[in-house]
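Hi,

Here is the structure I promised to pass on. Have a look at it first, and my notes follow below.

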Amino acid sequence: MKILDCESFESTLFSISNICGISNSNVTEYLSSINDNKLYKKYKNNFGWFSDILVYDFAKKFSVEIEYDNLCWFHLARVNDSKDILTKGILPLNEALESIWNQIITLINGRIAIDDILQMKHSSNISGHNEWLYKFKTADKEHFGPFAMLVREAAFNNKEIGNYNYLEMPEIVREIIIGIKKKYDLDLYDDYINSTESVIVKFNTPVSLAKCSHYLGIALCYLYHRIKNEKFSSDSNMTYNGKGIGVLPKDIVSIEKLKLSKADFEGNSFFSVYSS
């Protein structure tokens, strides 16, 4: 079975070499020789994305058919107990929402009347812009996820690619916590961070032949920017969206626990932006 695994530079390079039946040095020498401006000019009328240009030129150069069986994805989260992922899998938002509210109620620990919190929960009366975001995310399976990244390194370059920092807390938790702070003047941020841990969950999905070249092009872009010592960019990653269908425990490869505390999110937090 051939798998595209972008956990690291080395695993990505090995995957592409294995899938295409060429050596690591063939791949790196090709990418080192590329001039992106010249490549754009050569194929700009045929493709819109640099990754698609790159994989087309790559396949043409080495006369390879790009076909493989599975993809690895990296789900970024902050959870109360990572063991639950091994038994339940990665749940979409519509299935996880009840347990999220139960966790929030536990953190409140009687500091707000339970009837008031339940009224907030059932009415979705969160407060202001965060209320709109909460309703937006819970109304449509397009926003249920679960979500994941094709390239693991994207987890640590969220600012460079304009992503939310999912290792800090789920977006839906942020909306609830900010709503509670605004409505009841109770800040649960520290309580949440201190009672949870950041994780990266690696899982496999099958890939259709029609998508093989596109994903491998993203992987080539990632290698290209690393070889050229360029900043991580949005064309070096792709996002997975389960659209309401969870990831089964059998498809989970590993759970990586990260020791990230409040100090690690300072200067890279979306919480303060939306809580003011």
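Cys221 is buried, at 0% relative accessible area. One thing to keep in mind as you read on: this is a predicted model.

The structure as a whole holds zero disulfides. For Cys6, the nearest cysteine sulfur is that of Cys72, 8.2 Å away, and Cys6 is in no disulfide either.

Now the charged side chains. How many salt bridges does a search of the whole structure find? The count comes to eleven. As a reminder, side chains of opposite charge can pair when their charged atoms come close.

Are the two partners buried or exposed? Arg152 has 18% relative accessibility and therefore counts as buried. Glu256, with a relative accessible area of 25%, is partly exposed.

A few others to click on:

- Lys181 and Asp187 form a salt bridge, with 3.8 Å between the closest N and O atoms. Lys181 is partly exposed at 28% relative accessibility, and Asp187 is also partly exposed, at 39%.
- Asp251 and Lys250 form another salt bridge, and here the closest N and O atoms are 3.3 Å apart. Asp251 is partly exposed at 24% relative accessibility, whereas Lys250 is exposed, with a relative accessible area of 65%.
- Asp5, Glu7 and Lys202 are linked in a network of salt bridges.

Gln103 belongs to helix 6 (residues 93-108). Its relative accessible area is 18%, so Gln103 is buried. Which residues does Gln103 touch, leaving aside those up to four places away in sequence? The contacts are Asn80, Tyr192 and Thr196.

Finally, a helix pair. Helix 1 (residues 9-20) packs against helix 12 (residues 209-227) at an angle of about 130°, and their axes are 10 Å apart. Angles over 145 degrees would count as roughly antiparallel and 65 to 115 as roughly perpendicular, so helix 1 and helix 12 are oblique to each other. The crossing of helix 1 past helix 12 is left-handed.

Which residues make up the contact between these two helices? Helix 1 contributes Phe9, Thr12, Leu13, Ile16 and Ile19. On the helix 12 side, they meet Leu216, Ala219, Leu220, Tyr222, Leu223, Arg226 and Ile227.

That's what I have for now.

Cheers

Technical notes: Residues numbered from 1 in each chain as written. Predicted model: local features only at pLDDT ≥ 70, side-chain atom pairs only at ≥ 80, totals over all residues. Heavy atoms only, no water. Disulfide = S-S within 2.5 Å. Buried < 20%, exposed > 50% of the residue type's maximum accessible area, 1.4 Å probe, protein only. Salt bridge = Lys/Arg side-chain N within 4 Å of Asp/Glu carboxyl O. Helix = DSSP H or I, 4+ residues; strand = E, 2+ residues; numbered from the N terminus. Contact = heavy atoms within 4.5 Å. Axes fitted to C-alpha atoms, helices over the stretch in contact; angles between N-to-C directions. Parallel < 35°, antiparallel > 145°, perpendicular 65-115°, else oblique. Left-handed = near helix turned anticlockwise from the far one by under 90°.
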